[in-house]
Amino acid sequence: MSKIALVTGASAGFGAAISRRLMAEGYTVVGAARRLDRLQALRAELGSGFHPLVMDVTDAASVEQGCAQVTSDFDGIDLLVNNAGLALGVAPAQDASMADWDRMIATNVLGLTRLVHTILPGMVRRNQGHIVNIGSVAGSHPYPGGNVYGATKAYVRQLSLNLRADLWGTQVRVTNIEPGLCGGTEFSVVRLGDPERAAAVYQGTDPLTADDVADAVAWVATRPARVNINTIELMPVSQAFAGLRIHRRT
Ligand SMILES: NC(=O)c1ccc[n+]([C@@H]2O[C@H](COP(=O)([O-])OP(=O)(O)OC[C@H]3O[C@@H](n4cnc5c(N)ncnc54)[C@H](OP(=O)(O)O)[C@@H]3O)[C@@H](O)[C@H]2O)c1
């Protein structure tokens with residue numbers, strides 16, 4: 001029996017790459033997102049082992065129905081990849097849009113939490129399963145304009161660690177994967193709302209690819225059952241830490 005993975009945000013970027021990679025590892029993949037046409041294109045590419053699921057993680061009823069559908073179609077979920085997420089804007093906090101903050105929190109914090117709350121009890125009951133959350137270096141390393149996006153990923157980081165504390169004594173695993181600059185996805189177009197500005201983010205760099213992130217997901221998921229990888233932080237070589245800034249009076 002092949003293992004069942006539920007991958008959120010499977011219609012683009014990391015989620016599509018993770019779905020491809022997990023299928024290559026022998027998983028049956030349920031790929032969830034809002035855009036059905038994209039999921040159907042992935043189904044045409046990957047075949048009948050890929051199951052499109054329309055789900056908006058910001059909508060409680062949609063998550064409930066979607067997860068109920070998956071658990072009735074399959075025995076249980078072996079691997080949940082909480083990947084759906086987004087950043088909106090790069091304005092300093094004092095100029096940022098509350099609507100953007102609201103949507104980031106609704107998706108990256110509440111949406112992800114809702115998936116965990118719905119899927120985790122079944123994993124504990126079966127004493128088997130793995131939740132892989134997609135965090136970000138933005139959850140640990142502050143940068144100007146990162147404000148609420150970074151805060152949502154700090155939440156994902158701490159939730160992942162706290163889940164480990166609660167799951168002590170069970171065989172359920174939790175991992176937080178924290179990528180740095182990654183190109184070839186829709187992330188910066190969504191964040192900046194302009195393909196040209198988005199392309200400039202990666203100009204002259206050799207960023208991570210979605211396949212690099214999928215590789216990390218596949219690696220943590222295929223460790224022996226006794227091994228829990230708590231956190232993976234990965235960056236392109238072209239990205240590193242900046243120092244603290246000091247503002248001087250003029
Ligand atoms: N790219 C980077 O540099 C980078 C770095 C670190 C972390 N990350 C994180 O990695 C994850 C994936 O990013 P990506 O680069 O692959 O971005 P992407 O190409 O924009 O893909 C985002 C995915 O999330 C889905 N999504 C967004 N809102 C959703 C909602 N309300 N309900 C269901 N699905 C939703 C989108 O599908 P639909 O629009 O079809 O719903 C899409 O499939 C995000 O959590 C992001 O924060 C990205």
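This report walks through the ligand site of a predicted model and then some of its helices.

Residue numbers start from 1 along each chain as its sequence is written, and side-chain values use heavy atoms, with hydrogens and water left out. Because the model is predicted, local features need pLDDT of at least 70 and side-chain atom pairs count only at pLDDT 80 or more, while totals for chains, interfaces and linings use all residues.

## Around the ligand

Let us begin with the ligand. It has 28 residues around it, and Ser11, Phe14, Arg34, Tyr149 and Thr185 come nearest (a residue is near a molecule if one of its heavy atoms lies within 4 Å of it). By type, this shell holds twelve nonpolar, eleven polar and five charged residues. Here Ala, Val, Leu, Ile, Met, Phe, Trp, Tyr, Cys and Pro count as nonpolar, Asp, Glu, Lys and Arg as charged, and the others, Gly among them, as polar. Helix H1 (13-24) and helix H5 (147-166) each supply at least two residues of the shell; helices are DSSP runs of H or I with at least four residues, numbered from the N terminus.

| Protein atom | Ligand atom | Distance |
|---|---|---|
| Lys153, polar side-chain atom | oxygen | 2.9 Å |
| Cys182, polar backbone atom | oxygen | 3.2 Å |
| Phe187, polar backbone atom | oxygen | 3.5 Å |

Taken alone, the ligand exposes 880 Å², and the protein buries 95% of that. Such areas come from the Shrake-Rupley method with a 1.4 Å probe.

## How the helices meet

H5 also has a helix partner: its axis and that of helix H4 (residues 98-126) come within 8 Å and cross at roughly 15°. H4 is therefore roughly parallel to H5, a term for angles under 35 degrees. Axes are lines fitted to C-alpha atoms, for helices over the stretch in contact, and angles run from 0 to 180 degrees between N-to-C directions.

For H1, the partner is helix H2 (residues 36-46): their axes come within 12 Å and cross at roughly 25°, so H1 is roughly parallel to H2.

## The two ends of H7

Helix H7 covers residues 195-202, and at its start a side-chain oxygen of Asp194 reaches to within 2.9 Å of the backbone nitrogen of Glu196. Just after H7, Gly204 takes a positive phi of about 75°.

Definitions and conventions. Polar contact = N/O pair within 3.5 Å; in protein donor to acceptor, adjacent residues only side chain to side chain. Parallel < 35°, antiparallel > 145°, perpendicular 65-115°, else oblique.
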